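Please look at the model below with its sequence beside it, and keep both in view while reading the report that follows.

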Amino acid sequence: MATVTSTRPYHIIIFGASGFTGQFVVEEVARSAFEGPSGSLKWALAGRSRQRLEGVLNQAAETLRKPELRTEVEIIVADVSQADSLAIMCQQGLVVLNCVGPYRFYGEPVVKACIENGAHCVDICGEPQVVGSVVTQHRHIKCPSLWLNSVMYNNPVSYLLTGTLTAVESFLTIHTGPEGGCAHDGTWQSAIYGFADSGSLRKLRKKFGHQPLPVVGATVKKRYCKEIDQYAIPFMGSDPSVVRRSQRFLYEGHQELPVQYSAYVGVGGVWSLIKMFCGGLLFWFLGKFGLGRKLLITFPEFFSFGVFTKAGPSRKQMEGTSFSLTFFGEGYAEGLDPSQGRPNARICTQIHGAEPGYVATPVAMVQAAITVLNEPQFLPIKGGVYSPGAAFARTTLIDRLNRHGLVFSVKRF
Ligand SMILES: NC(=O)c1ccc[n+]([C@@H]2O[C@H](COP(=O)([O-])OP(=O)(O)OC[C@H]3O[C@@H](n4cnc5c(N)ncnc54)[C@H](OP(=O)(O)O)[C@@H]3O)[C@@H](O)[C@H]2O)c1
């Protein structure tokens with residue numbers, strides 16, 4: 001059980017608590033505080049403006065009707081551009097929940113400060129280049145820190161693996177209520193900068209020098225799936241590559257055969273697909289040069305057809321929104337040789353949850369931290385950069401997520 005001490009007084013520090021996502025992580029930590037070691041959690045907010053952090057704390061105290069938050073939760077001032085302030089912040093906590101993005105500008109110094117100062121780091125980075133770069137720079141460290149992201153995708157894939165599966169495809173669908181829905185432009189900005197720098201991803205992957213993972217069973221052709229009753233396009237975030245990292249860890253470290261994994265996101269009917277295609281072309285064109293990126297960043301609502309806004313979704317919109325992540329797995333029944341014939345076993349599982357970006361993601365992030373604090377004996381012995389599928393394989397994280405509204409179910413065999 002992880003204990004706080006006088007020199008390390010907090011179980012959890014929420015860095016970037018004043019951001020759009022950060023405020024919801026603050027509320028989720030406040031709701032889950034009783035799940036900390038020995039039934040309580042000592043936690044603090046961190047960021048570069050004490051005033052903005054106090055505002056977030058006041059808002060959380062009011063929304064949750066917990067006035068005690070104003071006096072019980074402390075504030076640490078830290079700025080990514082000031083390494084000393086990051087070090088002082090990381091020395092005070094066991095786990096840092098990092099909500100400061102875009103991660104390509106601010107993510108790596110926080111991981112480094114956590115590693116150097118013995119704190120675990122959990123973030124919600126969806127930018128493949130950042131994940132690649134952090135892994136390249138810190139994969140050989142031998143210290144107690146764990147760096148984790150992509151909790152939502154990783155663990156479901158591990159959950160699906162029954163030993164006979166050879167391929168998994170996942171489809172994310174988002175359902176909005178009558179109020180509609182959108183995402184905050186923090187994610188839009190991360191996507192713009194990530195796209196502008198997509199060439200570096202290939203170079204990074206070369207730098208790893210990994211041997212390709214073996215393909216087990218019949219090769220899965222990339223396809224657009226009918227099962228979710230929507231058109232779907234490949235999911236561009238970091239999650240598929242993080243899942244593949246988990247597969248590599250389990251293959252190289254534990255001789256578990258890897259599955260072929262592809263991730264898609266549902267975009268709706270044919271009209272949405274056309275809109276998406278046009279928007280994608282415009283995004284591709286403008287994202288290539290500085291002035292175009294400036295336009296995209298200044299007018300997110302216009303260029304994303306209302307998917308991303310500067311204000312982010314309202315609470316009412318968030319209440320009406322939910323998501324399903326459906327995983328279709330196929331493989332070979334017990335005793336059948338995957339090198340022979342077509343797969344003859346199928347499984348479909350689903351995770352269903354509330355609004356994905358600012359309700360489910362904070363839940364996943366906070367439950368990952370609570371798992372790290374409560375179950376250190378089930379985490380990898382060596383510190384380092386781990387994907388969640390690897391780090392949490394032996395923990396009760398999925399049960400915890402289930403209890404917090406991220407419901408995992410097996411739909412059919
Ligand atoms: N994976 C997922 O599902 C998921 C979901 C939601 C968000 N995200 C990611 O989370 C990140 C944040 O998104 P958001 O919408 O919350 O963005 P945001 O509202 O712009 O928040 C950014 C935060 O970073 C802080 N910050 C910026 N520069 C800093 C610095 N130099 N030092 C310390 N703090 C600094 C800001 O502090 P100030 O308040 O002082 O400006 C603010 O708290 C994005 O990368 C987004 O893609 C991922």
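## Two helices in contact

In this predicted model, F283, F285 and L286 of helix α11 meet G292, R293, L295 and L296 of helix α12, where two residues are in contact if their C-beta atoms, placed from the backbone, lie within 7 Å. The residues of this contact between α11 and α12 divide into 5 nonpolar, 1 polar and 1 charged; here Ala, Val, Leu, Ile, Met, Phe, Trp, Tyr, Cys and Pro count as nonpolar, Asp, Glu, Lys and Arg as charged, and the others, Gly among them, as polar.

The axes of α11 (residues 270–286) and α12 (residues 290–298) come within 7 Å and cross at roughly 130 degrees, which makes α11 oblique to α12. Axes are lines fitted to C-alpha atoms, for helices over the stretch in contact, and angles run from 0 to 180 degrees between N-to-C directions; angles under 35 degrees count as roughly parallel, over 145 as roughly antiparallel, 65 to 115 as roughly perpendicular and the rest as oblique.

## The basis of the model

Residues are numbered from 1 along each chain as its sequence is written. The model is predicted, so local features need pLDDT of at least 70 and side-chain atom pairs count only at pLDDT 80 or more, while totals for chains, interfaces and linings use all residues.

The secondary structure of the chain comes to 17 helices and 15 strands, with helices (H or I, at least four residues) and strands (E, at least two) taken as DSSP runs numbered from the N terminus.

## Around the ligand

Domain 1 (10–151 + 361–398) and domain 2 (153–356 + 405–412) both give residues to the shell around the ligand, so the ligand lies between them; the domain bounds come from an automatic or database domain assignment. Of the 27 residues around the ligand, S18, G19, T21, G101 and G186 come nearest, a residue being near if its C-beta atom, placed from the backbone, lies within 6 Å of the molecule or strand. By class, this shell has 8 nonpolar, 16 polar and 3 charged residues.

## A buried proline

P313 has its place in the loop between β11 (308–309) and α14 (315–319), and P313 is buried, with 23 other C-beta atoms within 10 Å. A residue is buried if 20 or more other C-beta atoms lie within 10 Å of its own, exposed if 12 or fewer, and partly exposed in between, with C-beta atoms placed from the backbone.

Although P313 and H184 are 129 residues apart in sequence, they are 6.7 Å apart in space, C-alpha to C-alpha.
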